[in-house]
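Trainee: I would like to learn how to read aromatic contacts in a model. Can we work through one together?

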Amino acid sequence: MSETARLTVDGKTFELPIVVGSEGERAIDISRLRRQTGLVTLDPGFVNTANCRSAITFVDGERGVLRYRGIPVEQLAEHSTFVETTYLLINGRLPTQEQLNQFSVLLNDHSMVHEDMRAFFEHYPRSAHPMGILSSMVNALRAFYPKIPERSQEEEINITVTRLLSKVRTMAAMSYKIFRGHRVVLPRHDLTYAANFLNMMFDSPVRPYIIDEEAVTALNIFWILHADHEQNCSTSAVRLVGSARVNLYAAISAGICALWGPLHGGANQAVVEMLNQIHEAGGDLEPFLARARDRNDPFRLMGFGHRVYKTYDPRGRIMKEVCHRILGKITRKDPLLEIAQRLEEVALKDPYFIDHNLYPNIDFYSGILLRALGIPLNMFTVMFAIGRLPGWISQWKESFEDPDWKISRPRQIYVGPQKQDYVPMKDR
Ligand code: CMC
């Protein structure tokens with residue numbers, strides 16, 4: 001017999017079903033609560049609210065566990081590529097060699113961007129943040145690639161998904177080249193997804209880019225670690241906007257906007273800015289830690305803390321190892337890595353951080369890795385966005401096919417003025 005929870009209100013008791021997930025997580029199903037009791041629930045920031053059932057990603061924040069479709073992220077980072085992990089997330093299983101080849105061919109076929117889109121890039125103010133540009137460009141894709149009426153819905157979704165995965169990477173590199181006033185480098189059919197991106201970013205007629213396999217591996221790992229993280233802010237934005245049944249480009253564009261924020265994907269840029277500030281101030285950590293501990297100061301130690309992880313973020317651990325590996329191979333040392341390590345060491349022993357369960361998250365070391373790869377600071381969050389794309393797409397697809405689908409429409413507790421009459425201007 002299935003378990004229930006009991007809620008007593010005004011002397012009446014209501015039975016609420018308890019739902020159990022495949023990893024034993026339990027939740028009280030309140031989907032009929034308002035109909036049964038006339039009450040709603042209040043949960044700012046959805047701290048206690050599950051918005052859906054999902055079979056994509058499992059996170060255990062207490063034990064520091066992250067799995068995509070059941071496979072530990074550590075195994076994927078060691079053995080997989082970003083393209084294979086993308087296939088896994090979107091299709092629910094690892095591909096055969098033939099399926100992977102087909103998928104790679106499709107990604108290659110869709111990698112060009114409509115030439116007319118260049119005008120968009122070229123007329124953006126040079127000071128524009130690449131995340132703002134990327135979100136509008138992704139939204140604009142619908143205008144350049146409208147729905148083809150002869151195609152079935154499934155075909156249309158598959159093409160849109162492949163276009164997004166392939167073109168967003170091309171557009172990101174293109175925006176960087178145009179921003180620098182350089183000639184755009186087109187995608188090449190003979191390069192893998194990550195190598196192609198590095199080549200589009202760094203190749204130039206005067207200095208041909210030589211593919212560095214270590215950098216390609218590091219970038220694959222970086223993107224695998226970012227590929228999905230269940231119902232985070234940007235993914236919830238994609239699901240929420242998508243629930244109104246807008247086209248996939250518009251839903252992804254909303255996700256990009258949400259990711260831009262410094263509390264979310266923008267944190268990788270903010271971490272490096274903070275480490276730079278510490279470096280420029282002479283390397284003393286205490287003033288920054290003191291500000292982080294001060295409740296009256298809005299300053300936060302960037303790259304620390306997480307809504308779900310109350311232990312070390314498993315992605316952060318892998319990212320730290322990759323940073324050391326990459327930086328070990330590059331003769332140039334990064335003083336920010338040394339500051340980051342010191343900061344981590346001190347913060348992990350600090351009572352404030354211990355009491356608040358604040359550990360380094362994925363963004364703490366990812367910026368240092370991106371610097372080592374030569375990615376400019378204002379492109380850091382774009383790198384996160386490329387990585388998160390498979391997650392957004394698979395979550396959107398899952399919600400699109402969900403039999404329990406409903407347009408997202410939370411309730412509120414109104415606390416404004418009660419009814420009052422309009423006062424004519426002369427009497428105010
Ligand atoms: N530095 C100092 N204090 C912190 C920090 C921090 N980085 N993070 C949380 N706290 C404190 C916070 O002040 C609060 O203290 P108190 O209970 O005394 O008022 C307590 O810890 C709980 O914080 P919260 O804001 O209620 O926690 P949250 O789950 O709403 O926020 C977070 C999670 C990630 C937004 C937050 O930890 C934060 O702002 N971290 C810095 C930004 C960052 O690194 N973001 C990247 C997140 S991981 C990648 C991603 O998801 O995009």
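Trainee: How many aromatic pairs are there, and by what rule?

Mentor: Rings of Phe, Tyr and Trp (its six-membered ring) pair if their centres lie within 6.5 Å; planes under 30 degrees apart are stacked, over 60 edge-to-face, the rest tilted. By this rule there are 14 aromatic pairs. One is Tyr-176 with Phe-202, edge-to-face, 6.5 Å centre to centre and 75° between the planes. This is a predicted model: local features need pLDDT of at least 70, side-chain atom pairs count only at pLDDT 80 or more, and totals for chains, interfaces and linings use all residues. Residues are numbered from 1 along each chain as its sequence is written, and side-chain values use heavy atoms, without hydrogens and water.

Trainee: Which helices hold Tyr-176 and Phe-202?

Mentor: Helices are DSSP runs (H or I, at least four residues), numbered from the N terminus. Tyr-176 sits in helix H7 (residues 153-180) and Phe-202 in helix H8 (residues 193-202). They are 26 residues apart, so the pair links distant parts of the chain.

Trainee: Why is the pair of Trp-396 and Phe-400 stacked?

Mentor: Because the ring planes are at 25°, with centres 4.9 Å apart. Both residues lie in helix H18 (residues 380-400), four residues apart, about one turn of the helix.

Trainee: Is Trp-396 buried or exposed?

Mentor: Buried means under 20% relative accessible area, exposed over 50%, partly exposed in between (1.4 Å probe, protein chains only). Trp-396 is buried, at 4%. Tyr-176 is buried too, at 9%.

Trainee: Which charge lies over the face of Phe-400?

Mentor: A charge sits over a ring if NZ of Lys or CZ of Arg is within 6 Å of the ring centre and within 35 degrees of the ring normal. Arg-245 lies over Phe-400, at 4.5 Å from the ring centre.

Notes. Helices (H or I, at least four residues) and strands (E, at least two) are DSSP runs, numbered from the N terminus.
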